[in-house]
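Hello,

Here is the structure I promised to pass on. Please open it first, then read my notes below.

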Amino acid sequence: MIQGHYYCFCGVVTIYFSLLIHAFASPTLHFCRHDQRDALLGFRDEFPTDESNLSSWNMSSDCCLWSGVTCDDKSGQVISLDLLETPLNGSLKTNSSLFKLQFLHHLNLSSCNLHGEIPSSLENLSHLTNLDLSANYLVGAVPTSIGNLKELRVMSLNNNSLSGNIPISFTYLTKLSHLIIRFNNFTSTLPSDMSGFHNLELLDVSYNSFVGPFPKSLFSIPSLQSVDLGGNQFTGPVEFVNTSSSELQFLSLDHNRFNGPIPESISKFLNLRRLYLSHNNFTGSIPRSLSKLVNLKELHLSKNKLEGEVPGFLWRLSTMMICHNSFNSFETPSQEKLVQVLDLSSNSFKGPLPRWICNLKGLSLLDLSNNHFNGSIPTCLKKSIVSLLDMSLRNNSFSGVLPDIFGDATKLRSIDVGLNQLEGKFPKSLINCKALQLVNVASNRIKDEFPSWLGSLPSLNVLSLRSNEFYGPLYHPHVSVGFQSLRVIDISHNDFTGTLPPHYFLNWREMTTLTKGSDYMVNPTKVSQICGSLHAVRPTEQQEDEYSEEEEQMFSWVAAVIAYGPGLLPDLRLLFSKKKVAEGAYGEEKKMVKVLTYFGMTLAAFAFWQSMDKQERMEKEAEVKRVRAELLRRAREEDPLA
């Protein structure tokens with residue numbers, strides 16, 4: 001018995017070593033076909049790309065092991081080419097070697113710095129199921145031959161400069177599940193009958209120049225889950241007829257020219273989670289049938305012509321953006337309140353602040369600006385601002401004191417209560433808000449000393465105390481100045497007194513740079529991406545009239561002297577009230593106080609000007625104007641309307 005086991009063991013060992021020796025003796029297996037290798041190398045050589053980007057592509061290795069290349073295990077044919085973010089820096093040629101890879105299923109040339117047009121010979125890749133040419137610089141029309149790629153499931157042509165019409169041959173791509181062509185320059189209508197895309201799950205044609213009526217036939221596709229028609233020029237009413245899209249979860253029609261009422265039939269999409277209808281011309285009230293959408297989490301209705309009462313069932317949503325309409329009242333919330341992002345700005349709400357707002361847990365944005373709310377700001381608001389990031393009660397008629405309720409608001413980034421009728425002391429609990437970047441209490445009746453303790457806040461960029469009743473000196477010899485991150489400050493139209501020594505400004509280093517500041521410096525009222533763009537409040541007529549003709553002339557100095565002045569000009573003197581500026585400053589010295597306006601929120605940027613002789617002033621003016629030109633150029637890059 002023992003002898004038998006011995007022979008069995010020896011046999012196993014012999015077989016093992018035989019296989020091992022054979023493995024070492026045999027040459028490495030090469031799966032890559034030579035014609036596929038040559039096609040890949042030919043494709044690479046069509047571009048002036050640095051070889052280091054495709055360093056593994058060489059004759060000495062198996063092309064199936066090259067970076068971005070996948071082959072079929074059996075045939076050795078290249079079936080996938082993924083060159084995402086490889087800088088090819090050229091155009092696709094009509095006779096490109098790429099089109100010799102006729103068994104390609106997946107082609108990803110996204111973000112490859114491709115230029116020129118999409119060649120019609122792309123149709124040679126007839127086995128393609130996934131095509132991604134997004135985020136390049138492709139131009140011209142999409143070739144009609146693309147309709148011959150009848151196996152396509154996913155096509156991404158987004159973020160290019162493609163133009164012209166959508167070819168009718170698109171309708172031949174009946175296996176498409178994802179069609180993404182956003183951010184191009186297409187100008188036609190969508191196909192009149194889109195029901196043939198019976199496998200379509202996602203359609204994104206946003207931010208082109210498509211025209212025509214609402215594509216009703218699209219919503220007869222049962223598999224549809226996501227539709228984005230935003231940022232086009234579609235017109236007319238929205239109608240859902242013969243809808244079968246029971247799986248629809250996302251629908252965006254924003255930034256178009258749709259009109260008429262929001263259709264009751266939208267309630268058929270029971271799985272809808274996000275609905276974007278902002279920046280259109282919808283009229284009437286919010287349909288009660290929306291209460292059937294029990295899975296809805298986000299509702300964006302901003303910048304329409306809607307009116308009436310806000311239904312109570314909406315408070316169960318996590319995001320409700322209904323700014324720039326004509327809503328005037330609230331229905332009492334009927335369910336648990338789950339709102340985290342609430343923008344009710346620029347409507348016609350009036351009366352006291354609703355007390356149920358105090359019970360909103362997890363609130364991150366509260367914007368009630370530009371309404372007709374009045375009465376006091378309730379102290380119970382303390383409960384809902386624990387998680388708050390941004391709060392704006394600007395341009396209402398709130399009165400009484402600004403309650404000292406910010407002790408636990410450690411996440412707060414911005415607070416804007418400007419243009420109200422608040423009085424009393426400035427709330428010292430703001431010292432706990434270490435994340436604060438913007439504080440605006442302008443145009444109230446707050447009476448207090450300068451809150452120098454705000455100088456300890458590490459991120460404070462913008463401070464506006466304009467047009468209040470603040471008083472006393474700014475500078476105390478034995479108190480640290482602070483304000484290390486400050487870039488914009490407005491203390492005009494108060495009762496501050498005294499002079500400031502040169503070293504007062506030495507810590508304000510952020511003002512001496514041309515680097516981009518935080519979100520609140522570039523756009524001080526950026527509390528969120530609201531109403532489809534960065535939230536901004538345009539100046540009222542009252543604000544615009546507040547500036548004299550002389551002050552209007554000072555706009556030529558906007559922002560430039562901010563970067564030039566603090567810490568650089570010695571022996572500075574400040575004039576703090578409009579009256580004192582008028583009485584005590586003449587000629588060029590009137591340029592000591594400059595007005596800075598970002599998107600309509602009037603702030604002042606301390607611009608400092610010292611008494612100099614004429615030659616020195618001319619030299620400083622030239623330098624300031626050069627800096628100003630650079631700042632304005634950068635501002636326009638951030639927002640063309642700025």
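**What I found**

Ser376 stands opposite Ser399 in strand 29. Strands here are DSSP runs of E with at least two residues, helices are runs of H or I with at least four, and both are numbered from the N terminus. This is a predicted model, in which local features need pLDDT of at least 70, side-chain atom pairs count only at pLDDT 80 or more, and totals for chains, interfaces and linings use all residues. Residues are numbered from 1 along each chain as its sequence is written, and side-chain values use heavy atoms, with hydrogens and water left out.

Two strands pair if DSSP finds at least two bridges between them. Strand 27 (residues 372–376) is joined to strand 29 (residues 397–401) by 3 bridges, and the two run parallel.

Another open sheet has 6 strands, in the order 13-15-17-19-21-23, with parallel pairing. Its edge strands are strand 13 (211–212) and strand 23 (326–330), each pairing on one side only. Strand 13 runs parallel to strand 15 (residues 233–237), and 2 bridges join them. Val211 stands opposite Gln233 in strand 15.

**Salt bridges**

A salt bridge here is a side-chain nitrogen of Lys or Arg within 4 Å of a carboxyl oxygen of Asp or Glu. By this rule there are 13 salt bridges.

Take Glu151 and Lys175. Their side chains meet in a salt bridge, at 3.0 Å from N to O. Glu151 lies in the loop between strand 7 (137–140) and strand 8 (154–156), and Lys175 in the loop between strand 9 (161–164) and strand 10 (178–180), so the pair ties together parts that are 24 residues apart in sequence. Are the two buried or exposed? Glu151 counts as partly exposed, at 28% relative accessibility. Lys175 also counts as partly exposed, at 31%. The cut-offs are under 20% relative accessible area for buried, over 50% for exposed and in between for partly exposed (1.4 Å probe, protein chains only). Salt bridges link Glu151, Arg153 and Lys175 in a network.

Asp416 forms a salt bridge with Arg394, and the closest N and O atoms are 3.9 Å apart. Asp416 lies in strand 30 (residues 414–416) and Arg394 in the loop between strand 28 (390–392) and strand 29, so this pair ties together parts 22 residues apart in sequence. Asp416 is buried, with a relative accessible area of 6%. Arg394 is buried at 2%.

The side chains of Lys425 and Asp448 meet in a salt bridge too, at 3.9 Å from N to O. Lys425 is in the loop between strand 31 (421–424) and strand 32 (438–440), and Asp448 in the loop between strand 33 and strand 34 (462–464), 23 residues apart. Asp448 is buried, with a relative accessible area of 8%.

**Aromatic rings**

Rings of Phe, Tyr and Trp (its six-membered ring) pair if their centres lie within 6.5 Å; planes under 30 degrees apart count as stacked, over 60 as edge-to-face and the rest as tilted. The structure holds 24 aromatic pairs.

The rings of Phe186 and Phe210 have centres 6.0 Å apart and planes at 20 degrees, so the pair is stacked. Phe186 lies in strand 11 (residues 185–186) and Phe210 in the loop between strand 12 (202–204) and strand 13, so the pair ties together parts 24 residues apart in sequence. Phe186 is buried, at 0% relative accessibility. Phe210 is buried, with a relative accessible area of 0%. The rings of Phe426 and Phe470 have centres 6.2 Å apart and planes at 65 degrees, so that pair is edge-to-face. Phe426 and Phe470 are both buried.

Ring pairs also build a cluster, whose members include Phe186, Phe210, Phe214 and Phe219.

Best wishes
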